[in-house]
Amino acid sequence: QVQLVESGGGLVQAGESLRLSCAASGSIFSINAMGWYRQAPGKQRELVAIITSGGSTNFADSVKGRFTISRDNAKNTVYLQMNSLKPEDTAVYYCNVQAVHLLSRGVGYYWGQGTQVTVSS
């Protein structure tokens, strides 16, 4: 099994910053892409940012210039630095990892439990 543990959510005021972390552990041979998604009440889950094993990144238009994504391959951890937060960034943020299973060598997509980010105006 592959486990993802997220941390770093919370309540902040508009304009402030937060940093989310997601650490993967378990039966991992290698990790390909790592990303963050979010889901606001009454809305569908959407991609926020993604980073490939080679370091290429992609961001939702709504967060470009404000959010950055990075990863520490030695720690199997992905980070989301969120600056200039807006009330519309309020959502549950989920980590997603594409990993190759240690034993089966099959590729699977794994989700974290979610962490709440609330931005007050």
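Buried means under 20% relative accessible area, exposed means over 50%, and partly exposed lies in between (1.4 Å probe, protein chains only). Keep those cut-offs handy as you click along.

What you have open is a predicted model, where local features need pLDDT of at least 70, side-chain atom pairs count only at pLDDT 80 or more, and totals for chains, interfaces and linings use all residues. Residues are numbered from 1 along each chain as its sequence is written, and side-chain values use heavy atoms, with hydrogens and water left out.

Our theme is the salt bridge: a side-chain nitrogen of Lys or Arg within 4 Å of a carboxyl oxygen of Asp or Glu. The structure has four of them.

**Stop 1.** Select Arg38 and Glu46, whose side chains form a salt bridge at 2.7 Å, N to O. Arg38 is buried at 6% relative accessibility, whereas Glu46 is partly exposed at 36%.

**Stop 2.** Next, select Asp89 and Arg66, which also meet in a salt bridge (2.7 Å, N to O). This pair links distant parts of the chain, 23 residues apart: Asp89 sits in the loop between β8 (77-82) and β9 (91-101), and Arg66 in the loop between β6 (57-59) and β7 (67-72). Strands here are DSSP runs (E, at least two residues), numbered from the N terminus. Asp89 is buried at 0% relative accessibility, and Arg66 is buried at 11%.

**Stop 3.** Now show Arg38, Glu46, Arg66 and Asp89 together: a network of salt bridges links them.

**Stop 4.** Finally, pick Lys64 and Asp61, joined by a salt bridge of 3.0 Å, N to O. Lys64 is partly exposed, at 48%, and Asp61 is exposed, at 63%.

Methods: Helices (H or I, at least four residues) and strands (E, at least two) are DSSP runs, numbered from the N terminus.
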